[in-house]
Amino acid sequence: MVVQLWRPMAAWSLLVWAAGLLLLTPLSAFVLGRLLGADGVISNDEVLSWLLTPAGIAFLLWALASALTLSVAQFGGLFRLTTTERARSATLGRAVLALTTALPSVFRFCVATVAVALALLAPLLLWVGVLYRWLLHDHDINYYLAARPPEFYRALSLALPFAVIWAVAVVWLFVRILPALPAFFDGHRPARTAAAFGWGVSRRRFWTLLSRLGGAALIIGATRAALGGTLFLIASAIVDRVSAASTSLQPVIVATAVAGAIGAGLDVVVTFLGFAWLSALLTAFYVEEAGTAAPRAEPAVIAAPDWAAGRYVAVLIAGALIVNAGATLTTLERTAASPDFLVIAHRAGAHDGPENTLLALERAIESRADMAEIDVQRTKDGVVVVNHDADLMRMARDPRKIAMTDYADFANARLGHDDDPSDDRRLARLDEFLERAHGRIRLAIELKYYGWDEQLGPQVVSEIRARHAEADVMLISLSLQAIEQVRRLAPEIENGYLSSVSVGSLDGLPVKALALSRQRSTAQTISDAHARRLQVYVWTLNDASGMVEMIGRGADGIITDDPRIAVRVRNELRSMTSTELLLLRFSDALTDEEQRDEVPSIQ
């Protein structure tokens, strides 16, 4: 069925994707802007709190329902197509009109579905919260993740069975209610009626439906993985052969552009065919069990419009190839043109010395890093110390909370897990770091909060000014409140915002730099930040290939546990010709030695 009707099904799918791009995307941005109001952005720890507010819940429902609407609308067209005895031609204008008029009812259906899904998620989150409060609240969470004490495995052993039971129950509910989709498009309205009808349809042959859809999903996933792996191997071999046989830049550019275009095209084809196959299986099951009212009424739009004829499809494919090739060349040119970047030692260089210690700082300086990122917080008696976690359990097996202990009580603590009694491994003060770094390396000082500390920002600024180090530091934080506070107190000190997750646009923040995770550092995000004269630093990268990838996207700095790797990558980039810089995107030559020393970090 999918093979016979591929053209109208493809036309409908393209129409739905276009509608999502042209209608739902800007509409979602508008809704988000209205919900955020003057704040403009919510980020990091504030996201969870905001999502529990009426505005946050409204946004979550809107975002999830909007994404689901596209898939449901796509299924609706395919359902009508595969259950109609005779398709009649329709123009593209009629197709747009039909989709537009159907969106309100489809969206309401999706809102109801998302609301039920979120309600089903609540028991799992509640149980995880109970386990956290019961077993994992005594120390900083980083200790449990790094050391994995008995409490960690006890919590895991209690969480996994519940999660498995929950997952089985959710899959059962999902499969039971799934026939509500064809029922909805078959005229069973509103959503409650469709759900009840679909529930009854799936009662008799639950295992048949599960095996059909589950088997198809496994085949689709395996096909996608096999095609992706095969294309990667072929592309790598071709690029290596071309680079070895020619010193000209043009063959390499063509080879990489074609490989990128083929990969993007295969992904679209597999996505379409997989969705169409699953839709056809669900539709066939529904018709077998319930029949369909669809033959009694012609669908508004099912056939391929004129622009889907063969020659127009060829033009579209050629255009997609050209656009893809242009995007590839643009990315490659950025790599060749921008070999310089800042090397920032994460937690003063966690690979070469215990993190956030003067010993690590010295080794970061020796490695020729440009900047050392450190974390600061205050002790009970108001001393600003350098440490990441809320306690020293992970670094020194000392369970005392820093905010509840005087600094003098930590005099004998040594960070790290060997017997080296070096004084440079103690819990150091910020003023010691400022003195040791002066004239040798810049500091990116992250204000660390475990509960708001009104005096941390002002005290850090005071210590910086006391040593006339305003030009030698940058103040960063996960807290927007902290950034606003230090910006008011010390506008002459550079500041940056560290974002792990956010809602809204970060590029409008009044900072000089954004520190983003590798996953969030897309080429578009970096380009938008640069358009607003913001620098982008990417964390935490410990492999040369990842560093090269991020520099290719335009990153201005690399935050790494091992600054030696980043310095070596930068030196090699500086010494390479344009052709070699292009080839570096497809080579792992630099990573062989360094990846053996790679150390994972917890951000």
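User: Which classes of residue make up the lining of the largest cavity?
Analyst: By class, the lining of the largest cavity has 10 nonpolar, 1 polar and 1 charged residues. Note that this is a predicted model.

User: How is such a space found, and how many cavities of 30 Å³ or more does the structure hold?
Analyst: Rolling a probe the size of a water molecule over the atoms shows where empty space is left. In this structure there are 4 cavities of 30 Å³ or more. The largest cavity has a volume of about 70 Å³.

User: Which residues line the largest cavity?
Analyst: The lining consists of Ile344, Glu373, Ala444, Met474, Ile476, Gly496, Tyr497, Ala513, Leu514, Ala515, Tyr537 and Ile559. Two or more of the lining residues come from each of the elements β8 (473-477), β9 (494-499) and β11 (513-517).

User: Which element gives the largest share of that lining?
Analyst: That is β11, with 3 residues.

User: Now to charged pairs. How many salt bridges does a search of the whole structure find?
Analyst: Side chains of opposite charge can pair when their charged atoms come close. In this model, the search finds 29 salt bridges. One of them joins the side chains of Arg436 and Glu362, at 3.1 Å from N to O.

User: Where do Arg436 and Glu362 lie?
Analyst: Arg436 belongs to helix α14 (residues 430-437) and Glu362 to helix α12 (residues 358-366), so the pair ties together parts that are 74 residues apart in sequence.

User: Is Glu362 buried or exposed?
Analyst: Glu362 is buried, because its relative accessible area is 15% and buried means under 20%.

User: Which residue does Arg570 meet in a salt bridge?
Analyst: The partner of Arg570 is Asp370, and the N to O distance is 2.6 Å. This pair links distant parts of the chain, 200 residues apart: Arg570 sits in helix α19 (residues 563-575), and Asp370 in the loop between α12 and β3 (371-378). Arg570 counts as buried, at 6% relative accessibility. Asp370 is partly exposed, with a relative accessible area of 27%.

User: With which residue does Arg378 form a salt bridge?
Analyst: Arg378 pairs with Asp453, and their closest N and O atoms are 2.9 Å apart.

User: Which residues do salt bridges that share partners join into one network?
Analyst: The network is made up of Arg414, Asp423, Arg426, Arg429, Asp431, Glu432 and Arg467.

User: Turning to the surface, which residues form a nonpolar patch?
Analyst: Leu14, Trp17 and Val268 form one, with about 240 Å² of accessible area together. Among them, Val268 is found in helix α10 (residues 249-290). Val268 has a relative accessible area of 43%, so this residue is partly exposed.

User: How do I read distance in sequence against distance in space for Arg154 and Leu135?
Analyst: Take the two values side by side: Arg154 and Leu135 are 19 residues apart in sequence, and 8.0 Å apart in space, C-alpha to C-alpha. Arg154 is in helix α6 (residues 150-177). At 41% relative accessibility, Arg154 counts as partly exposed.

Notes:
Residues are numbered from 1 along each chain as its sequence is written. This is a predicted model: local features need pLDDT of at least 70, side-chain atom pairs count only at pLDDT 80 or more; totals for chains, interfaces and linings use all residues. Side-chain values use heavy atoms; hydrogens and water are left out. Patches are made of residues with over 30% relative accessible area and no salt bridge: like charges are joined within 9 Å, nonpolar side chains (Val, Leu, Ile, Met, Phe, Trp, Tyr) within 5 Å. Accessible areas come from the Shrake-Rupley method with a 1.4 Å probe; for residues, only the protein chains shown count as cover. A salt bridge is a side-chain nitrogen of Lys or Arg within 4 Å of a carboxyl oxygen of Asp or Glu. Helices (H or I, at least four residues) and strands (E, at least two) are DSSP runs, numbered from the N terminus. Buried means under 20% relative accessible area, exposed over 50%, partly exposed in between (1.4 Å probe, protein chains only). On a 1 Å grid over the protein atoms alone, a cavity is a set of points where a 1.4 Å probe fits but cannot get out, and a pocket is an open set with protein on both sides within 12 Å along at least five of seven lines; lining residues have an atom within 4 Å of a point. Grid points are joined across faces, edges and corners, and a volume is the space filled by probe spheres set on the points. Ala, Val, Leu, Ile, Met, Phe, Trp, Tyr, Cys and Pro count as nonpolar, Asp, Glu, Lys and Arg as charged, and the others, Gly among them, as polar.
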